[in-house]
Amino acid sequence: MASTTGPVAAERAYAYTKERILAGTLAGGDLVSEGVIGGELGISRTPVHEAFLRLDSEQLLTLVSRKGAIVRPMTPTEAADVLAMRHGVETAAAGQVFTAGGPAPEFADRLADNLRRQQGFVDDGDVDGFVEADDEFHATMVSASGNPIAADFYDRLRSRQQRLRNLLLRIDVANLAASYADHRVLAERLTAGDRAGFDQMLADHFGRYRGAI
């Protein structure tokens, strides 16, 4: 039986609440009750409060005295900053891939497999599946650089990236097909060694999201 108190329960509350914020099922401005989360997980309020404190430190929640917490909206400025940092990291990582003569075969294979899964998610209108595949696609391109600092920095952006992806891709399911089409071109140009073409496509890809903010 899962613990209802202590560090394990706090970790459960943290992971559960954070996942819902990133997925958008807890939207910006929503009031989140410690009692409600505790009831859904079958745990006491104390570990939920500890989880809320952690999420407050990550700027995902704002604590409200005797009420719980409010989900912090992702502001247009924050969204633009996330996209700017992603663009910078991915451009730099791709530059190292091109300098090395292209991605190693294992990374080319991973990108091809990822694109096949993306196509299935687009056909099914599966936003959740596509969001995960989208994250994996971009992370794979960064990893292909062989630069652990770039990979670490990209990983630190992951929570904000996933929240932004969920916000933007759920605006219109047609965005899945457009994003998938961009990904196909990015993979083709990366493996073909077309640096100028890749840089232009990456700028257009992020520009698509900037226009939706």
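In this predicted model, helix α8 supplies 4 residues to the lining of the largest pocket, the largest share of that lining. Helix α8 (158–169) also gives the most to the lining of the largest cavity, again with 4 residues. The points below cover the pockets, the cavity, the nonpolar core and the aromatic contacts.

**Largest pocket**
- The volume of the largest pocket is about 230 Å³.
- Its lining consists of E19, L22, A23, D128, V131, E132, R158, S159, Q162, N166 and R170.
- Helices α1 (6–23), α6 and α8 each contribute at least two residues to the lining of the largest pocket.
- By class, this lining has 5 charged, 3 polar and 3 nonpolar residues.

**Second largest pocket**
- The second largest pocket has about 160 Å³ of volume.
- Y14, K18, L22, E58, L60, M74, E78, D155, R156, S159, R160 and R163 form its lining.
- Two or more lining residues come from each of α1, α7 (148–156) and α8.
- The lining of the second largest pocket divides into 7 charged, 4 nonpolar and 1 polar residues.

**Cavity**
- The model has 1 cavity of 30 Å³ or more, and the space in the largest cavity is about 70 Å³.
- L83, R86, D134, H138, Q161, L164, R165, L168, H205 and Y209 line the largest cavity.
- The lining of the largest cavity comprises 4 nonpolar, 3 polar and 3 charged residues.

**Nonpolar core**
- The largest nonpolar core contains 30 residues, and those with the most contacts inside it are F137, M141, L164, L169, L186, L190 and F198.
- Helices α4, α5 (105–124), α6, α8, α9 (174–192) and α10 each provide at least two residues of this core.
- Helix α4 supplies the largest share of the core, 6 residues.
- L164 is among the core residues with the most contacts and is also one of the residues lining the largest cavity.

- The ring centres of F98 and F198 are 5.7 Å apart and the planes are at 75°, so the pair is edge-to-face.
- Because F98 lies in α4 (residues 76–99) and F198 in α10 (residues 195–210), the pair ties together parts that are 100 residues apart in sequence.
- F98 and F198 are both buried, and F198 is one of the residues with the most contacts inside the largest nonpolar core.

Methods: Residues numbered from 1 in each chain as written. Predicted model: local features only at pLDDT ≥ 70, side-chain atom pairs only at ≥ 80, totals over all residues. Heavy atoms only, no water. Phe/Tyr/Trp six-rings, centres within 6.5 Å; stacked < 30°, edge-to-face > 60°. Buried < 20%, exposed > 50% of the residue type's maximum accessible area, 1.4 Å probe, protein only. 1 Å grid on protein atoms, 1.4 Å probe; cavity = no way out; pocket = protein on both sides within 12 Å on 5 of 7 lines; lining within 4 Å. Points joined across faces, edges and corners; volume = space filled by probe spheres on them. Nonpolar A, V, L, I, M, F, W, Y, C, P; charged D, E, K, R; others polar. Core = buried A, V, L, I, M, F, W, Y, C linked by side-chain atoms within 4.5 Å.
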